[in-house]
Structure formats: structure tokens, C-alpha cells
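Please read these notes with the structure open beside them. They go through a few places one at a time.

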Amino acid sequence: MSFGKYQTEIICCAIPLIFVLIGLILKFLNKRSKKSLLGRHVVITGGSSGIGKALAILAAKKGAHVTIVARNVDKLRVAMQEIEDHANEAQKINSASIDVSDKEAIEKNFAELESTVGPIYMLVNCAGLAICGRLEDMKQNDVKHLINVNLLGTIYPIQAVLPKFKERKEGIIVLTASAVALMGMFGYSIYSSCKFALRGLAESLYMEVKPYNISVTLALPPDTDTPGFENENKTKPKETKIMSESGGLYSAETVATQLMNDALKQHFFSSVGFESFVLTTLCIGMSPFHSLVDVIVQSMVIGPFRLFAAFFVKYFESIAIKCYNEEKDKQQ
């Protein structure tokens with residue numbers, strides 16, 4: 001009797017794992033051919049450091065003409081030299097000092113880049129920053145700065161390239177969001193709001209450009225070891241730091257490699273690591289898909305993945321409550 005009970009429990013636990021395994025195998029087998037960047041012009045905002053610079057190096061290795069966009073001229077100069085080390089003499093490696101939240105400057109400079117370097121084929125929006133803190137503590141200037149860089153700084157570059165992309169009926173657009181574009185987290189209220197908005201932008205844009213043979217990829221990188229992440233840590237509340245540790249820390253090169261592969265394969269989502277795969281699958285909703293295999297995989301694993309999600313939700317809640325109680329005890 002007892003053995004039968006345990007046997008039932010084992011079977012109940014094994015079935016979801018079997019579905020997950022089958023789903024992952026199907027996803028692995030569902031490979032798509034990559035687009036080529038040889039001789040193409042790739043523009044990367046936020047390209048002077050972090051994921052953006054790593055992507056620029058990858059594009060150069062693939063034979064592309066590369067333009068990196070950022071505000072700091074000195075950082076751009078250093079990054080350009082590093083990118084040039086991975087390019088040949090026929091490739092054009094350029095930089096442009098632009099504030100991505102300045103629509104007129106973006107349009108003017110992008111038009112000049114098209115005439116001097118060549119038609120833009122791939123736009124990667126990597127410019128972004130995070131300022132953490134409790135919502136009531138966020139300063140007005142910080143709120144505006146986050147919205148300007150993370151949201152408007154993505155919208156304006158896309159608006160600048162769309163007419164030409166549609167005219168040529170080709171192009172790749174990448175929007176770099178974050179794992180917190182799919183889930184809210186303590187301390188990320190404004191930053192997460194901007195990144196959630198990018199998902200809505202990406203899904204809507206995908207429908208708009210589908211008839212023109214233009215692909216859209218939404219990158220959802222986890223915590224990545226970059227200068228921006230270093231600055232972000234300076235403003236993180238204790239709760240946020242503890243929660244973030246559960247996802248691990250990835251190198252910019254690892255994230256950039258996955259992002260580049262997904263964009264060239266025209267995948268809508270780009271994520272890194274098992275936790276990101278779980279989160280992306282859980283939040284798939286009405287997002288685009290490229291094959292029936294994708295839908296089958298998501299349908300098979302979404303139920304079991306909800307169990308993982310429920311655990312983490314409760315775990316994060318417990319961290320917030322524990323830190324609150326510790327703070328309250330200190331005040332007494």
C-alpha cells in the first residue's frame with residue numbers, strides 16, 4: 001500500500017519533467033537559418049561598452065560595417081579601436097556621439113551615416129541604464145532620465161530607420177529590454193515600467209513591419225557583468241540585491257552571442273539561461289511565434305514552469321518581508 005502511494009507520487013513528479021525534456025528536445029531540433037551580415041551596415045546604440053560593444057565586435061567579425069552610437073566621445077574612441085582589431089581594411093568602423101533621446105539629432109546623424117557608410121541593415125538598441133530604489137524615493141529627474149534613455153531612446157532610432165527599411169523591404173531591429181520586462185521586482189519600479197513598455201513596442205512593431213520582410217527581436221538579458229551593471233548596483237536596495245543574486249551573473253560576450261544568433265535567426269525573444277527560458281515561456285501570451293514547434297514546446301512546458309514561478313514569487317516576497325522586519329527591529 002505504502003509503495004503504491006510513493007509510486008504514484010513519483011509518476012506525478014516525473015510526468016512534468018518528461019514534458020519539459022521533450023519540449024526542449026523539439027526546440028533544439030527546430031533550427032532556423034541565419035541571415036548574413038557580410039558587407040552590411042550595423043548600427044548599435046549604447047555601443048561603447050557592455051553588451052553593445054560585445055555585439056559590435058561580433059558584427060565586425062561577421063564582416064559587417066559597424067557604427068556605434070553613444071554620448072561619451074572618449075569611450076567611443078576606445079571602443080572603436082577595439083572593434084577595428086576584429087575587422088579588415090574593407091570594413092568601415094564608425095562612431096557617432098548622439099543623445100538617443102534627441103529625435104532630431106538621431107534622424108540627422110542616421111541620414112548622414114546612410115550616405116557615408118551605406119544603407120543601415122541592422123539596428124540594435126542597446127542604450128539604457130537602471131536607477132534602482134523604492135518608488136516613493138525616486139527623484140523626478142531620475143524618472144525622466146530613465147524614460148528618456150530606455151524608452152524614447154529606443155523609439156527614436158527605430159523611427160529613423162523604418163522608412164528606409166520599408167522602402168528596401170529588409171532589415172533587422174533589436175530592442176534590448178531586460179528580464180524585468182516580464183516580471184516586476186523590488187526596487188525596479190520605474191526601470192521595469194520602461195522595459196515592460198519595450199515589450200509592447202516590440203509586439204506592435206512586429207505586426208507593423210511583418211509585410212515588409214523586417215524582423216524584430218526583443219532581447220531579455222539577465223544580470224550582465226558590464227559597467228552599467230556596476231553603476232546600477234550603487235543604487236540597489238538590499239532586497240533587490242538579494243533577489244538579483246538568484247539569477248546569477250553573465251558575461252557581456254555570452255549575452256551578445258545569444259542575442260546576435262537569435263536576431264539573425266529572426267527569433268522574436270532572445271534570452272540567456274534556463275531561468276530566462278522559463279520566464280519567457282511563462283509570459284509568452286500573445287507574442288509572435290515562428291513555427292508550430294515553438295507553440296507545441298510552449299504548450300507542453302508552460303504548466304510545469306508555473307511551479308517554478310510560484311516558488312520564486314513566494315521566495316521574493318519572503319525576502320521583502322524579512323528585510324522589512326529586520327529594518328523595523330533596528331528602529332525599535
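This is a predicted model: local features need pLDDT of at least 70, side-chain atom pairs count only at pLDDT 80 or more; totals for chains, interfaces and linings use all residues.

1. Start with T224, which lies in strand 7, residues 224-225. Is T224 buried or exposed? Its relative accessibility is 6%, and buried means under 20%, so T224 counts as buried.

2. Next, look at what surrounds T224. Its side chain reaches the backbone oxygen of P222 at 2.8 Å. Beyond the neighbours within four places in sequence, T224 is in contact with I51, F229, L249, Y250, S251, A252 and V255.

3. Two packed helices are described by the angle between their axes and the distance between the axes. For helix 2 (residues 50-61) and helix 9 (residues 252-264), the axes come within 8 Å and cross at roughly 55°. The two helices are therefore oblique to each other, and the crossing is right-handed.

4. Which residues of helix 2 meet helix 9? They are G50, I51, A54, L55, L58 and A59, and they meet A252, E253, V255, A256, T257, L259 and M260 of helix 9. By class, this contact has 10 nonpolar, two polar and one charged residues.

5. The axes of helix 10 (residues 274-282) and helix 11 (residues 292-331) also come within 8 Å, crossing at roughly 110°. Angles of 65 to 115 degrees count as roughly perpendicular, so that word applies to helix 10 and helix 11. Their crossing is left-handed.

6. On the helix 10 side, the contact is made by F274, E275, F277, V278, T281 and L282. Helix 11 contributes Q298, V301, I302, F305, R306, F308, A309 and F312. The contact has 10 nonpolar, two polar and two charged residues.

Definitions and conventions. Residues are numbered from 1 along each chain as its sequence is written. Side-chain values use heavy atoms; hydrogens and water are left out. Helices (H or I, at least four residues) and strands (E, at least two) are DSSP runs, numbered from the N terminus. Buried means under 20% relative accessible area, exposed over 50%, partly exposed in between (1.4 Å probe, protein chains only). A polar contact is a pair of N or O atoms within 3.5 Å; within protein, one must be able to donate a hydrogen and the other to accept it, and residues adjacent in sequence count only if both atoms are side-chain atoms. Contact means heavy atoms within 4.5 Å. Axes are lines fitted to C-alpha atoms, for helices over the stretch in contact, and angles run from 0 to 180 degrees between N-to-C directions. Angles under 35 degrees count as roughly parallel, over 145 as roughly antiparallel, 65 to 115 as roughly perpendicular and the rest as oblique. A crossing is left-handed if the near helix is turned anticlockwise from the far one by less than a right angle, and right-handed if clockwise. Ala, Val, Leu, Ile, Met, Phe, Trp, Tyr, Cys and Pro count as nonpolar, Asp, Glu, Lys and Arg as charged, and the others, Gly among them, as polar.
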